[in-house]
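Thanks for coming, everyone. Let me put the model up, and then we'll walk through it.

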Amino acid sequence: MSYKIPMGPYHPALEEPYKLDLICDGETVCDAKLHIGFNFRGIEHLAETRNYVQVIALMERVCGICSNIHTLTLCQAMEGLTGMTPPPRAQYIRVIVAELERLHSHVLWAGIAAKLMGFKTMFMTCFELREKVMDVLQAISGNRVNYSMNRVGGVNRDIDDPQAVLKMVEALEAEMLRTVIPIFTTSSTARSRCAGIGVLTLEKALSCGVVGPTARASGLPQDLRRAAPYAAYSELEFDVPVQQDGDVRARLLVRALEIMETCKILRQALTKLPPGELFAGDGKFDFTKLVATTSTSRVEAPRGEVMYSVSWKENSRNPSRVHVRTPTFANMPAVRWMVMGSRLADTPLIQASIDPCYSCTDR
Amino acid sequence: MTLLESIPEKLGITTPMVDKGGVHWLEPGAMTVRELCAAMNAVKARFITITAYQLPKEEGFRLEYHWDLDGQLLGFPFDLAGKSIESIYDLCEAVDWIEREIHEGFGIDFTGREYEPLLLRQGDTPGVNLREEAK
């Protein structure tokens with residue numbers, strides 16, 4: 001006889017409010033229904049009531065983890081409206097902050113995954129490391145969550161001493177290589193807890209349209225930094241880690257390997273940081289002289305592809321529409337297929353393996 | 001000829017592709033959204049999203065369908081005289097949540113599919129145009 005177990009919207013296994021209705025037969029999950037919307041703030045509609053500068057501050061608050069990615073994507077879309085191109089130094093600074101954000105996001109996820117595996121010591125180690133990444137971000141921007149780095153046509157703040165940041169990044173990389181990476185890639189605890197569970201096949205990954213590390217762990221080599229480079233990514237060398245198994249361990253490995261690639265990108269960007277201006281022109285932009293009335297930008301966020309569409313409104317200081325497509329919005333429906341056939345006890349770890357963000361999803 | 005360049009011919013679209021605002025735009029003309037989706041599936045394009053716009057005055061709505069083809073973003077605008085359009089959910093599983101979200105936020109009906117309980121809000125009736133409700 002099957003029975004339904006509700007998980008959420010407020011549950012110890014969930015970091016944010018949403019709900020999974022799990023249909024179980026004994027200890028086996030037969031099906032699942034997902035319910036979101038508990039963080040719905042109407043941000044897209046609110047954006048229509050703010051001017052182009054205020055919208056940047058608003059959109060930085062879509063997510064508390066990848067806040068910078070949202071303003072980066074939005075500013076790139078608005079640059080598409082105005083025809084502005086940020087100067088090279090700004091493009092490199094955008095890469096540096098985006099990769100530091102990816103680093104702290106992946107390490108945060110690793111900590112949460114460790115906790116759900118029952119590997120509490122690793123949770124502590126990951127969060128200690130994440131604090132150090134946050135320290136670097138604070139040293140650059142003065143902030144720990146909303147960095148306010150991006151503006152239309154460039155960035156707001158410079159990196160005055162890239163060599164000092166490079167030293168901090170190298171120290172972080174050494175610590176990651178000593179602890180996080182070997183434990184997640186080779187330890188029997190991680191393997192036994194993650195291998196073979198929550199499988200998303202390549203076929204299902206394609207049909208669900210999943211993105212980011214979730215897609216790459218199912219054998220899809222898609223990464224916008226490579227496929228459609230933005231900022232300074234076309235000038236930097238890095239690999240796109242791909243795994244074929246589609247299980248929780250594959251998603252763990254992809255993120256662990258991406259941490260190393262991120263360090264590689266950071267080292268190059270900090271070394272090659274070109275001199276020059278931080279923003280184009282005199283820092284002002286004119287939304288009465290446009291090259292397009294609608295502009296779209298996509299960026300590879302830590303969880304996958306983010307897309308912003310911004311539309312101009314005649315005789316108004318406000319945009320007529322700002323549409324956001326976040327990675328968890330694309331990835332979350334696939335959780336239904338990941339948990340089907342799994343053990344009930346594995347579902348917290350399986351749903352966490354896509355690194356869900358409901359603030360982003362609900363907006 | 002690249003795959004992207006061959007798309008208008010594959011779709012039977014005679015108007016030129018316009019590269020603007022980060023998107024390769026194609027006017028679907030007489031092509032229905034279901035025919036378009038089938039064609040996108042055939043070239044293994046990846047569905048990204050649908051962006052809905054409420055047009056000024058009484059002009060209705062516009063839905064812009066986006067697919068990714070080898071890192072290139074394709075856009076297809078569909079102007080809706082009324083408040084409904086055919087669903088492509090049975091052809092493209094990835095469209096499920098965005099069709100539900102647009103249904104709930106703009107009151108647009110995607111015909112030929114069933115809706116589960118509200119995706120983003122609790123307790124209200126589905127298919128409400130939140131922009132008008134907010135006025």
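By class, how many nonpolar, polar and charged residues does the lining of the second largest cavity have? The lining has 7 nonpolar, 1 polar and 1 charged residues. For the classes, Ala, Val, Leu, Ile, Met, Phe, Trp, Tyr, Cys and Pro are nonpolar, Asp, Glu, Lys and Arg are charged, and the others, Gly among them, are polar.

Ground rules next. This is a predicted model, where local features need pLDDT of at least 70 and side-chain atom pairs need pLDDT 80 or more, while totals for chains, interfaces and linings use all residues; side-chain values use heavy atoms, with hydrogens and water left out. Residues are numbered from 1 along each chain as its sequence is written, with chains lettered from A and ligands numbered from 1 in the order in which they are written.

Back to that cavity. A cavity is a set of points on a 1 Å grid over the protein atoms alone, where a 1.4 Å probe fits but cannot get out; a pocket is an open set with protein on both sides within 12 Å along at least five of seven lines; lining residues have an atom within 4 Å of a point. Grid points are joined across faces, edges and corners, and a volume is the space filled by probe spheres set on the points. The structure holds 2 cavities of 30 Å³ or more. Helix 12 (248-272) of chain A gives the most to its lining, 4 residues. Helices and strands here are DSSP runs, numbered from the N terminus: H or I of at least four residues for helices, E of at least two for strands.

The largest cavity is about 110 Å³. Both chains line it, with residues including Arg325(A), Phe329(A), Phe47(B) and Trp97(B). Strand 3 of chain B gives the most, 3 residues. The lining divides into 9 nonpolar, 2 polar and 1 charged.

Now the second largest pocket. It holds about 680 Å³ of space. Of its 32 lining residues, the closest to the centre are Leu206(A), Gln222(A), Lys44(B), Ala45(B) and Arg46(B). Helix 9 of chain A supplies the largest share, 4 residues. By class, the lining has 15 nonpolar, 7 polar and 10 charged residues.

Strand 7 of chain A (304-311) also gives two or more residues to that pocket. Is strand 7 of chain A mostly covered, or mostly uncovered? Mostly covered: 8 of its 8 residues are buried, meaning under 20% relative accessible area with a 1.4 Å probe, protein chains only (exposed is over 50%, partly exposed in between). Strand 7 pairs antiparallel with strand 6 of chain A over 8 bridges. Two strands count as paired if DSSP finds at least two bridges between them. A hairpin of 2 residues joins strands 6 and 7 of chain A. Met307(A) stands opposite Arg298(A) and opposite Arg325(A) in strand 8.

Last, chain B. It has an open sheet of 5 strands, order 1-2-5-4-3, with mixed pairing. Strand 1 (18-20) and strand 3 (46-54) of chain B are the edges. Strands 2 and 5 of chain B run parallel, joined by 2 bridges. Trp25(B) stands opposite Gly75(B) in strand 5.
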